[in-house]
Every structure is written in structure tokens, then in C-alpha cells.
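Here is a short report on one protein chain. Keep the sequence and the 3D view side by side as you read.

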Amino acid sequence: MKISVIGCGYLGAVHAASMAQLGHDVIGVDVDKAKIEALAQGKAPFFEPGLPELLIEGVESGSLRFSTDIADARDAVIHFIAVGTPQQKSGTGADLTYVNGAVDALLPHLKAGDLVVGKSTVPVGTAERLAAIIEPTGAQLAWNPEFLREGFAVKDTIAPDRLVYGVRQTSESSGNPDESSAVALLNEVYAQAIANETPLVVTDFATAELVKVAANAFLATKISFINAMAEIAEVAGADVTELADAIGYDARIGRKFLNAGVGFGGGCLPKDIRAFTARAEELGRGESVAFLKEVDAINLRRRDRVVELVVDALGGSAYRKKVAVLGLAFKPDSDDIRDSPALDVAVRLHGLGAHVVATDPEAIANSRIRHPQLTFGSTADALEGADIVVVLTEWKEYRALKPVEQASVVQGQIVVDGRNCLDVAAWRSAGWRYIGL
Ligand code: UGA
């Protein structure tokens, strides 16, 4: 199929490369010239395992092209909208400037029979509004949210755990020709996943939009739930990791996303729960998701708690103390620092007068641009003479650190494990004061 992907950020670049891998003829379009130049040479503008290989393969075979000119999307039949929907600068709702701009720019190039497919995470009601603009051209709209996780983005796109199609439905929806042609086109796009019997939900626009935000809201709630339990466990002298293991054995609860620690960050969960709350309030149902404000508050308290633990462990002041910060990305296998709890904690400790030396396998370059006031270095630079070690992203190299080897390098043998990811017994028996979350 001839496919265009409008927006080549995180989602769009992965989607374009994955579609080419699936055998489609793909053009990726973005207004960012530097990004398009890099992608056109098969270079990934961000760290994502597996993506560079797909880009090179697609670009070299000619099935994957990139352009800054949206007119180049005109030959495509399917047009994916994969632009960002960040948090508004002046509020908590989603900023739809890029989505609206992408649709406006695409409009003159649409032809009858085309299918525009929304992938961006949007407030419920957006698809209905966009459909009214798109349908007069003879093209149709579908909403097909994505559920990819950074670090697993290629796998999640090529072999998703479910597909959701939101399509225009009439009251007797089953007989609606628009619905069946949109579904048929999407089935062709995702032929491999369909052949592999990936669960498919065909629904209306509003449900498809809500599925995405509901899924992220649930995941955020799960994390904040276990972090709330961690707050109680701390004062009660209980162990939240054992608690998570024990409740996780109940298949109805499940152990995944029950890792207590410094909390969630990234470009999705934090802004999505805020945008969902803002949209629910607009719809007059703010009380239905009022708990998401608590989810957000619990999450942000975790960062405060890590800072407090570090300061307390240093005897009440971090001033002029050397703090080794291990991890800056919002999660391992990513160089993404958007709303990263790790970077936030590093900046706050620096603000308290600590000499922070921060390290990360992939996220130093991004962190330096955002916070040039911090000192960055290798793991060895960070640990050398440190008064305290703070682990904030659970990269496998930090989990594998040997406490005995590190003991001779640091000044103070204190470790704050902001992700509860270290082997507590090993660190304690090597003489460290271990402080978990
Ligand atoms: C999230 C969702 O998991 C994806 O399904 C969704 O498609 C994506 O957002 C999106 O909307 O695009 P992602 O932001 O890549 O994916 O990251 P997650 O793996 O969900 O992790 C989010 C944050 O939660 C990270 O900071 C992570 O460290 C934290 N987390 C996760 C915990 O603190 N504890 C856990 O048990 C799990």
C-alpha cells in the first residue's frame, strides 16, 4: 500500500519505518528539516533499539522516503497523522496545534477514496471534528490509536497486542460502506498482524480515542497505587516490593506496572492523565476522573521523597556534597528525558548546592541541552569520590554494578535506590547503607 506518515517524531518515525518493513511504500513527512535529512540517510534522530536497522533497510531498498513537503504525500492512499499532542503551555489540556496543522496541510492533497488515520493521542471528540473537515474531499477518517512503549516501539508496532479501529458509524453501522472500506484498508495495512490473529476492536471514533487515554490512565493509576502503598510501607516498616510480588500473584491484579520507585515520567503518561482530566471537566464529568489528580500528586511526591532521603542520608544538607546520579532517562532503553523523574531529582539536588555528577548510557546529550548547569560524565566519573550514590533509572548496567568494587571508589558508602532495582542483600553485605523507596 502507498502510505504517508505525517509527523516523524518518536511515533511517526517508528511507524513509518515499521510500515516499510511490512512491505508498504512509505513517505514520512515532517516540517523539521534536520530530522528529515537524518532520517533520509537512514539515521534515527533518537535512541530506539531496532529502529536504525529498519531505517537503513527501508531507505536503501527505496520503500521508505522522507520529505519536508507535504505535497509528496499526495500519491499515498493511507495518510497516518502521527504528530505530537503536548500539554498546553498555559493549561493541562492537550495542545492540538500540530494535529490541526497536519490536517489543514494535508487537505488540498487528499483525493476521493483516501483514508486519513489518526494515531496521535487526542481528547475525545477530536476525530468527529476532523472528520467533518476531511469527508467533503471524498476521503474518510479512521482513528487507530497506538500503544507502543519506548524501548519496544518496533516490536509493538509490527506485532501489536491489539488493534483498535475507530471508524465512522451510522445507526445501522454494520451496513455502512464507509465503515467497511475503512476497515478493509486498515486490514490491508496490518495484514501481518491480522493473519496472526491479533485481537481487533472495530468501534466508533469516541471509543477509539478513549481506549488510548483509558489505557494510559490505568497504567498510571497502577504505578501510583503501588507508590501510595510504598508511602504506607515506609512508615509501617513493611516491604513494598514483597507486597507487590504477593498481590501480583493474583492474576486479576498482575505483577506488571507495580514497581514502586521515583514514579512515572515520559512524553505520555503524565500529560495524558492531565489532558484526560481537562477533557472530562469540559464534558461536565470532572468528578469521574478526579482520582487522576491524586494519581498525578502521588507520582510527583515520589520525586520530593527521593530528594528528602538523599538530604537526610547526607546528615541534613546536600550542600557541597558530591552526589552520583545514575540514570537520567525517564526509563531504561530510551534517551527520552521528557518529564523524567530522574532528571528532575538531579536538577533539584543541584539546586540545593550539591555537586551532582550525572550519568546515563544514552540520555546525557539530551540532558545537557536542557540543563547545561549540571555536570555529566561516565559512571566512573560520577562514582569517583561520591558522598552518596542515587540510582534513578534502572538501566541493566546499574543493576549489575558490583557493590564491593564500587566501595573503594566512593567517599561515602550510601546508596539511594530510586527504582528498588538493586540487590539489597548484596549491597548491605558489602557494607553499604542501602536506602530503597
Ligand atoms: C506508555 C504506555 O506504556 C504505552 O502503552 C503507550 O503507547 C505510550 O505510553 C504512549 O502513550 O505512547 P512509555 O511512555 O514508553 O509508554 O513508558 P512506560 O513503559 O509506560 O513507562 C512510563 C513510566 O512509568 C516510566 O517512567 C517508568 O519508569 C514508569 N514505571 C513503569 C514505573 O515507575 N513503575 C512501573 O512499574 C512501570
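## Two domains

Domain bounds here come from an automatic or database domain assignment. That assignment gives domain 1 (2–203) and domain 2 (218–437). Their C-alpha centres lie 33 Å apart.

The model is predicted: local features need pLDDT of at least 70, side-chain atom pairs count only at pLDDT 80 or more, and totals for chains, interfaces and linings use all residues. Residues are numbered from 1 along each chain as its sequence is written.

## Where the domains touch

Two residues are in contact if their C-beta atoms, placed from the backbone, lie within 7 Å. By this rule, 14 residues of domain 1 are in contact with 15 residues of domain 2. On the domain 1 side, the touching residues divide into 7 nonpolar, 6 polar and 1 charged. Ala, Val, Leu, Ile, Met, Phe, Trp, Tyr, Cys and Pro count as nonpolar; Asp, Glu, Lys and Arg count as charged; the others, Gly among them, count as polar.

## The ligand shell

The ligand is surrounded by 21 residues. The closest are E150, N259, F264, G266 and C268. The shell divides into 10 nonpolar, 7 polar and 4 charged residues.

Both domain 1 (2–203) and domain 2 (218–437) give residues to this shell, so the ligand lies between them. Helix 9 (residues 205–236) supplies the largest share of the shell, 3 residues. Helices (H or I, at least four residues) and strands (E, at least two) are DSSP runs, numbered from the N terminus.

## A strand with two faces

Strand 2 (residues 25–29) and strand 3 run parallel, joined by 4 bridges. Strands pair if DSSP finds at least two bridges between them. I27 has R65 of strand 3 as its bridge partner.

In a regular strand the side chains alternate between the two faces of the sheet. Strand 3 (residues 64–67) has L64 and F66 on its covered face, and R65 and S67 on its uncovered one.

## Helix 13

In helix 13 (residues 341–351), the buried residues are P341, A342, L343, D344, V345, A346 and L349. Buried means that 20 or more other C-beta atoms lie within 10 Å of the residue's own, with C-beta atoms placed from the backbone. These buried residues pack against helix 12 (291–313), strand 9 (322–326), strand 10 (355–359) and helix 14 (364–370). Just after helix 13, G353 takes a positive phi of about 95°.

Terms used. Buried ≥ 20, exposed ≤ 12 C-beta atoms within 10 Å, placed from the backbone. Near = placed C-beta within 6 Å.
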